[in-house]
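Trainee: I would like to learn how to read a protein model piece by piece. Could we begin with a turn in the chain and work inwards from there?

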Amino acid sequence: MTDRASSAVLERLRAVQWTGDWDDAVAHVMSRRVLMREYLRRAGVWSRACSADTAWPFFDATEYLNSDFAISPETEANLRDFLVQLTGDDAIKCTCAGAVRLAELRTQRRAIGADLPDLYEPLILFYERGGEFLRDNAGFIDLTGALMRPGTLQGHLGTPVLRSLDSAVLDAVDAKGRITYYTAAAATDSEGTLLRQRVLQGEQHNEAFNRDGLRWESTVPLPSSPENAAALGLVWLDEMEATNLIAETLASSN
């Protein structure tokens, strides 16, 4: 009998366009970046919980939680066939296998990770929004359209928690250019207006997230640096904090 939880995850992974359209991946690079950061944070939490610090960030958690656990032979065979077809980084194969197996392990033994966030969901969403990632010889993670350093396990434990993985929130994050976020109120204040400055091919685009229309609209020119912004009473926001503010705005509109 096929394991339902693991089969559902495997079907999602099978549906991913792993080496899909470049433009599509680039269009989602900002949401993929926050999803990767949230995965790295959750991976740090899980690594500490199951004594897998040396395996962080890309690992199969079931190997550390219960080395004797096995999904059904049918699902294992389907998973093996799927992994053989993947041509990307070994870290992708490892996390895909971990996502499939952990889904079933947590279904069968609900006490495992009961107080922990879903480890692989941010990474599965990352894959669904643009396919694979690559790692270069300098240690960077290539998100297709942007590079990021993986940082350290300890460092990611201090990353702001991404409080929503809703597709509408992720869509609102996506935009082209180099982005800096500000708010006229504290980052924890859901009433604060979220502002962003996008620099695309040398041209500045200044935008505010409209609370009524729930979309980005042009606004007055914003300062060219966080230092200048502070002098005007604006607060620089980390992209994770900005994403959370978008999530709060969308939630308050429902």
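This is a predicted model: local features need pLDDT of at least 70, side-chain atom pairs count only at pLDDT 80 or more; totals for chains, interfaces and linings use all residues.

**Hairpins, sheet, rings and core**

Mentor: Strand 6 and strand 7 form a hairpin with 4 residues between them, and Leu214, which sits in the turn, has a positive phi of about 55°. Strands (E, at least two residues) and helices (H or I, at least four) are DSSP runs, numbered from the N terminus. Residues are numbered from 1 along each chain as its sequence is written, and side-chain values use heavy atoms, leaving out hydrogens and water.

Trainee: In what order do the strands of the open sheet lie?

Mentor: In a regular strand the side chains alternate between the two faces of the sheet. Here the open sheet has 5 strands in the order 7-6-5-4-8, with antiparallel pairing, where two strands pair if DSSP finds at least two bridges between them. Its edges are strand 7 (215-218) and strand 8 (235-237), each pairing on one side only.

Trainee: How many bridges join strand 5 to strand 6?

Mentor: There are 6 bridges between these antiparallel strands, and Arg196 stands opposite Glu207 in strand 6. The hairpin of strand 5 and strand 6 has 2 residues between the strands, and Gln201 takes a positive phi near 50° there. Strand 6 (residues 203-210) is in turn joined to strand 7 by 4 bridges, and Ala208 has Glu217 in strand 7 as its bridge partner. Helix 11 (residues 239-253) packs on the sheet, touching strand 4 (178-183), strand 5 (194-200), strand 6, strand 7 and strand 8.

Trainee: How many aromatic pairs are found in the whole structure?

Mentor: A pair of aromatic rings is described by the distance of the centres and the angle of the planes. The search finds 11 aromatic pairs, counting rings of Phe, Tyr and Trp (its six-membered ring) with centres within 6.5 Å, called stacked if the planes are under 30 degrees apart, edge-to-face if over 60 and tilted for the rest. Tyr39 and Tyr120 are stacked, because their ring centres are 6.4 Å apart and their planes lie at 25°. This pair links distant parts of the chain, since Tyr39 is in helix 3 (residues 29-49) and Tyr120 is in the loop between helix 6 (90-108) and helix 7 (121-128), 81 residues apart.

Trainee: Is Tyr39 buried or exposed?

Mentor: Tyr39 is buried, with a relative accessible area of 0%, and Tyr120 is also buried, at 3%; buried means under 20%, exposed over 50% and partly exposed in between (1.4 Å probe, protein chains only). Both tyrosines belong to one aromatic cluster that also holds Trp18, Phe58, Phe82, Phe126, Tyr127 and Phe133.

Trainee: Which residues have the most contacts inside the largest nonpolar core?

Mentor: They are Met36, Tyr39, Phe59 and Tyr127, in a core of 69 residues; such a core is a set of buried Ala, Val, Leu, Ile, Met, Phe, Trp, Tyr and Cys residues joined through side-chain atoms within 4.5 Å. Leaving aside neighbours within four places in sequence, Tyr127 is in contact (heavy atoms within 4.5 Å) with residues including Leu13, Trp18, Ile92 and Phe133.

Conventions
Axes are lines fitted to C-alpha atoms, for helices over the stretch in contact, and angles run from 0 to 180 degrees between N-to-C directions.
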